[in-house]
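Dear colleague,

I am writing to hand over the structure shown below. After it you will find an account of what was found.

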Amino acid sequence: MLSSSRFIVAVHAMSVLARFQGKGPVCSAAVAESVHTNPVVIRRLMGELERAHLVKSVAGRAGGFELSKDPAGITLADVYFAVEDENVFRMHKTDPRSCCPVAAQLGKVLSGPLRAAECALHSSLARTSIRDVALAIV
């Protein structure tokens, strides 16, 4: 199963913006230095967060990125949905007409438990805000 660090990097970047809130925009190079990645990676991620209305870009020499709303109003679920696929689990191709009972039934059998697991993940992430994360960092 492939795993992505995009969500964690996005939470890291949003937490940096939250800590600088009210002090002006933060440039992608400063965020990238904190995350230990390339500023291009941050700018691409910020584009996705901006399309989700979680951050806004500020043009110009002193430009960068700012949170588009109070960090208490941005949940980890919001960030997750902005940068990751909605479905955590991806089924491989099954053939419901297969003579193999596993191949024919696996998707049907797993759909309920996987949907419940995804709902639990989203529910858990919705209970923590970017403000919570930023304040927990000393």
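This is a predicted model: local features need pLDDT of at least 70, side-chain atom pairs count only at pLDDT 80 or more; totals for chains, interfaces and linings use all residues.

His36 directly follows α2 and has a positive phi, near 65 degrees, although His36 is not a glycine. With a relative accessible area of 72%, His36 is exposed.

His53 has a positive phi of about 65 degrees and is not a glycine. His53 lies in the loop between α3 and β1 (55-58). The relative accessible area of His53 is 61%, so His53 counts as exposed.

The axes of helix α2 (residues 28-35) and helix α3 (residues 39-51) come within 8 Å and cross at roughly 110 degrees. Because angles of 65 to 115 degrees count as roughly perpendicular, α2 is roughly perpendicular to α3. On the α2 side the contact is made by Ser28, Ala29, Val31, Ala32 and Val35, and on the α3 side by Pro39, Ile42, Arg43 and Met46. By class, seven of the residues in this contact are nonpolar, one is polar and one is charged.

Which residues of α2 are buried? They are Ser28, Val31, Ala32 and Val35. These residues cover an arc of only 100 degrees around the axis, and therefore lie on the same side of α2. What covers them includes α1 (6-19), α3 and β2 (64-67).

A further histidine, His122, lies in helix α5 (residues 101-126). His122 is buried, with a relative accessible area of 15%. Apart from neighbours within four places in sequence, His122 is in contact with Ala77, Tyr80, Phe81, Glu86 and Val88.

Finally, the cysteines. With a disulfide taken as a pair of cysteine sulfur atoms within 2.5 Å, the count comes to zero. For Cys100, the closest cysteine sulfur is that of Cys99, at 6.9 Å, which is too far for a bond. Cys100 is partly exposed, at 34% relative accessibility. Cys27 also counts as partly exposed, at 36% relative accessibility.

Yours sincerely

Technical notes:
Residues are numbered from 1 along each chain as its sequence is written. Side-chain values use heavy atoms; hydrogens and water are left out. Axes are lines fitted to C-alpha atoms, for helices over the stretch in contact, and angles run from 0 to 180 degrees between N-to-C directions. Helices (H or I, at least four residues) and strands (E, at least two) are DSSP runs, numbered from the N terminus. Angles under 35 degrees count as roughly parallel, over 145 as roughly antiparallel, 65 to 115 as roughly perpendicular and the rest as oblique. Contact means heavy atoms within 4.5 Å. Ala, Val, Leu, Ile, Met, Phe, Trp, Tyr, Cys and Pro count as nonpolar, Asp, Glu, Lys and Arg as charged, and the others, Gly among them, as polar. Buried means under 20% relative accessible area, exposed over 50%, partly exposed in between (1.4 Å probe, protein chains only). The arc is that of the directions from the helix axis to the C-beta atoms.
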